[in-house]
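Here is a short report on a two-chain model. Please look over the sequence and the 3D view before reading on.

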Amino acid sequence: MRNKKVHITIIAIFIAMISVSLYYILKEPINLGLLKEPINLGLLKESINLGLDLKGGTQIILKPTERGGEEVTTQSLDQAMFIIMDRIDRLGLSEPLVTKDLSNNIVIQIPGEKDPGKAKEIIGKTAQLEFRLVTGTFISIKNQNWDTLKFDYEKGELVIDPDAEKVLLVDDINALVSGNLYEIDGELLSDPESEEMLLVKYSGEDNQETDAEVSSTGDGSEINVDINIDPEKVIGKIIYKPETRELLLVDYEDGSETGEILVDSRTGAATLVGQVLLTGDKLAKVAAGYDTYGEIRVALSFKDEGVGIFKEITSENIGRNLAIVLDEEIKSAPYIKVPITDGDAEITGIDSIEEAKNVELVLQTGALPVNLHEEEVTFVGPTLGMDSLNKGLYAGIIGFILIIVFMLFYYKGLGIYSALGLIIYIIIFWGIISGIGAALTLPGIAGIILTIGMAVDANVIIFERIKEEIIKSKSPRIAIGYGFKNALRTIVDSNVTTLITAAALYRFGTGPIRGFAVTLSLGVVISMVVSLLFTRSIIFLMSGISRINTPGFLGVRRRSSE
Amino acid sequence: MRFRNYNFDFIGKSKIWIIISLVMIIAGIAGYFIQGGFNLGIDFLGGSLMEVEFTRDVDVTEVRSVMNDIGFRNAILQRTESNKFILRTTPINTEVKNEILDSLDEKIGTTGTLLQDRNVDPGFGKQITKYAFIAVGIGIVGILIYIWIRFEFRFGAAAILALVHDVLVTLGVYAILNREINTSTIAAILTIIGYSINDTIVVFDRIRENTPTTRKLGYIKVVNDSINKILSRSINTSLTTLIPIILLLILGTAALKDFALALTVGIVTGTYSSIFIASPIVVAWNNRFPKYKK
């Protein structure tokens with residue numbers, strides 16, 4: 001009698017679990033219109049938190065790299081994530097999710113039916129605003145003509161015409177264009193021994209006294225000059241730092257940074273600028289709009305601290321150009337005529353008002369403490385995912401019915417228990433997924449469908465054991481007891497190994513694969529609990545009723561087969 | 001349905017089973033070389049991918065000719081539905097993508113919305129590959145340790161060999177069919193590992209249970225009897241698992257079908273290997289290093 005009480009308690013607990021599950025499944029408002037469908041898929045879908053691959057949306061994975069010699073730390077990464085959240089909020093995109101993955105990449109998920117287009121480009125923008133003095137612009141001379149040097153951002157190198165006779169640094173490119181007074185401050189030469197790219201002082205037209213002969217490797221990436229370079233004349237050497245994608249001018253002796261070569265966004269010309277004098281963190285206000293001539297601009301005003309520095313820079317460098325650099329690109333380089341004391345500046349050289357608004361937004365939210373590289377951008381439209389969800393659910397439902405038919409056919413009366421167990425399994429499974437709000441992904445659907453099949457396995461193992469015991473001429477009641485006892489070890493061992501796989505998938509999987517691991521392990525655990533507790537108790541309780549407890553009901557024709 | 005006591009001699013014919021498996025694996029390896037390696041997806045290689053919906057039904061040649069005209073001869077085209085195509089190229093930026101879309105719209109006519117749009121950095125693909133290998137490795141080691149603790153080392157080793165067999169056969173099928181391997185395939189392969197081990201454990205559990213009768217019957221008979229006892233369970237479980245998976249293979253979308261294919265192959269080989277590969281290995285091991293004697 002004590003056993004009976006235990007079994008009734010277990011069944012009562014399961015009824016409670018089913019009720020809670022049904023509560024979570026039904027909690028969402030029910031769209032009555034959908035009930036007209038033969039199977040109420042709408043209800044199932046609404047109770048579940050769908051992954052981006054099913055409901056549609058955009059996922060961006062950004063890899064952080066060090067910026068300005070500062071290594072990526074947990075702190076800088078968290079700060080970057082915070083800034084990104086802020087930007088997405090300001091863009092008015094709904095329900096964004098910003099997380100870190102295993103390799104400390106930043107993963108941004110934005111649900112939405114439409115491709116967010118340009119928005120995705122500005123989310124990961126570093127938005128580092130710098131003010132630096134222009135040292136000069138590189139030009140190449142060929143057949144008495146000159147041309148500005150281009151900069152290959154991908155390779156991080158200067159594009160030098162293989163036929164160029166020489167590469168010079170001119171202090172004021174505008175003056176050169178307009179025919180005004182300019183100076184040649186340097187010449188770019190390749191050290192024949194170390195093959196280093198050197199910037200040397202230019203001493204007039206007759207610098208070729210040593211019979212400089214320019215040759216090229218042909219790919220335009222470097223010039224080899226057969227010349228003896230006077231160490232006295234060397235201004236510095238040019239080095240490329242691939243990790244930060246910076247082309248720097250460093251001191252020849254101690255390697256300290258003295259300048260950087262950047263691209264001018266208006267002309268595409270490679271321009272040498274000095275060190276950073278002021279940065280965007282000293283900004284107080286940023287506003288996109290038009291100036292009095294109708295030109296697009298972003299107006300900037302500094303905080304008190306910045307006003308002072310800006311005044312100092314502009315008063316000490318009258319007659320030079322001040323480059324306004326946004327994310328390693330010179331936006332504009334206005335000529336300093338008079339000292340600016342009110343701390344107002346502006347960025348021009350912007351193509352459209354949308355771009356100006358983007359610049360405004362990224363400057364308002366502040367610079368990211370790390371540089372971010374776009375590793376993966378995925379947009380999935382809502383129709384594609386919904387199609388998979390619908391087809392997956394139909395496959396699951398039909399599969400479920402076929403499995404029950406098969407179980408009834410093969411195991412007769414016992415099949416009823418497995419059908420009951422399977423229905424309870426699905427309700428609890430769905431309830432847990434709804435309750436914990438785990439996102440259902442595409443591989444997750446496959447996982448659910450797989451676990452429906454596997455959930456029956458425990459029943460099959462148990463039923464086969466029961467049949468064996470009945471064949472051994474045990475009474476049905478005793479056979480059921482032995483059947484469960486013998487099957488227990490097998491079921492536990494076989495499911496633990498599946499859980500180990502699921503754990504490995506969860507630990508090392510990315511995005512949707514994790515969803516699969518969650519559904520797989522949930523399925524394994526729930527099916528084990530249902531078959532070892534619920535099915536067991538219900539079979540024991542029912543076995544008290546002798547009419548439905550014959551070997552025939554349990555799917556065995558006694559002796560007829562022996 | 002009659003309940004039968006099977007009495008097949010699985011172990012006695014183990015040479016045949018091993019030859020069958022070797023033939024399947026060699027066929028897979030041959031397929032690998034004939035097809036010039038695996039058809040790796042964008043997840044691993046990096047690149048750009050778009051799924052375009054056309055306003056009418058189109059065939060591959062039509063899309064191909066438009067792509068050729070605009071200089072994308074190497075683009076991989078996959079027809080997902082009569083009016084839907086996946087276009088895969090080397091990494092390209094938004095402007096180039098728009099050029100492709102404009103050309104397709106002009107020459108064929110598109111609905112104007114992309115069904116999906118992806119860009120994967122080739123470096124990121126390498127990272128995914130790395131983690132896929134780690135996941136498979138950790139999974140296998142974890143399983144080996146568990147079986148070692150619960151059973152014996154020889155059982156663990158035999159189970160792992162059966163697993164390797166299943167993975168090789170599944171990958172072989174992918175190589176022969178030249179089907180794309182993506183992160184879903186890796187998840188499917190890990191699932192196969194979990195499933196196959198599940199099946200193998202059921203057999204081993206019976207062998208472990210019947211081992212005390214070795215003195216009377218001999219180890220070969222013990223193993224044969226054990227397999228015969230679990231035969232109907234193995235077949236029934238495989239059937240109930242295969243039913244929904246095969247439905248997914250028939251009814252599912254392209255992405256679900258990819259997943260379902262790996263699972264179908266894996267479940268069939270997993271069931272086969274637990275009976276025909278794992279158990280003979282255990283017997284062969286016992287023949288060489290006898291522990292259970294008559």
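How many helices and strands does chain A have? Chain A has 13 helices and 24 strands. Helices (H or I, at least four residues) and strands (E, at least two) are DSSP runs, numbered from the N terminus.

## Basis of the model

This is a predicted model, where local features need pLDDT of at least 70 and side-chain atom pairs count only at pLDDT 80 or more, while totals for chains, interfaces and linings use all residues. Residues are numbered from 1 along each chain as its sequence is written, and chains are lettered from A and ligands numbered from 1 in the order in which they are written.

## The two chains

Of the 562 residues in chain A, 43% are buried. A residue is buried if 20 or more other C-beta atoms lie within 10 Å of its own, exposed if 12 or fewer, and partly exposed in between, with C-beta atoms placed from the backbone. In chain A, 67% of the contacts between residues at least 6 apart in sequence join residues at least 24 apart. Two residues are in contact if their C-beta atoms, placed from the backbone, lie within 7 Å.

Chain B holds 10 helices and 6 strands. Of its 294 residues, 46% are buried. The C-alpha atoms of chain B fill a box of roughly 80 × 45 × 30 Å along the principal axes. Its radius of gyration is 24 Å, while a compact globule of 294 residues would have one near 19 Å. That radius is taken over C-alpha atoms, and the globule rule is 2.2 Å times the number of residues to the power 0.38.

## Domains of chain B

Chain B is assigned domain 1 (14-41 + 124-288) and domain 2 (47-120). These bounds come from an automatic or database domain assignment. The C-alpha centres of the two domains of chain B lie 38 Å apart.

Which strands form the open sheet, and in what order? The 8 strands run E3(A)-E4(A)-E2(A)-E23(A)-E5(B)-E2(B)-E4(B)-E3(B), with antiparallel pairing. Strand E3 (97-100) of chain A and strand E3 (76-81) of chain B stand at the edges with a single partner strand each, so one side of each has no neighbour in the sheet. Neighbouring strands are turned by 20° against each other on average, direction ignored. Axes are lines fitted to C-alpha atoms, for helices over the stretch in contact, and angles run from 0 to 180 degrees between N-to-C directions.

E23(A) and E5(B) are joined by 5 bridges and run antiparallel. Two strands pair if DSSP finds at least two bridges between them. Val377(A) stands opposite Asn119(B) in E5(B). Within chain B, E2 (residues 47-54) and E5 (residues 110-120) pair antiparallel over 7 bridges. There, Met50(B) stands opposite Asp117(B) in E5(B). Helix H9 (residues 382-411) of chain A packs on the sheet, touching strand E23 (371-380) of chain A together with E2 and E5 of chain B. The direction of this helix makes about 85° with that of E5(B).

## The contact between chains

The contact takes 64 residues from chain A and 58 residues from chain B. On the chain B side, H9(B) gives the most, with 13 residues. The residues of that side divide into 31 nonpolar, 18 polar and 9 charged. Ala, Val, Leu, Ile, Met, Phe, Trp, Tyr, Cys and Pro count as nonpolar, Asp, Glu, Lys and Arg as charged, and the others, Gly among them, as polar.
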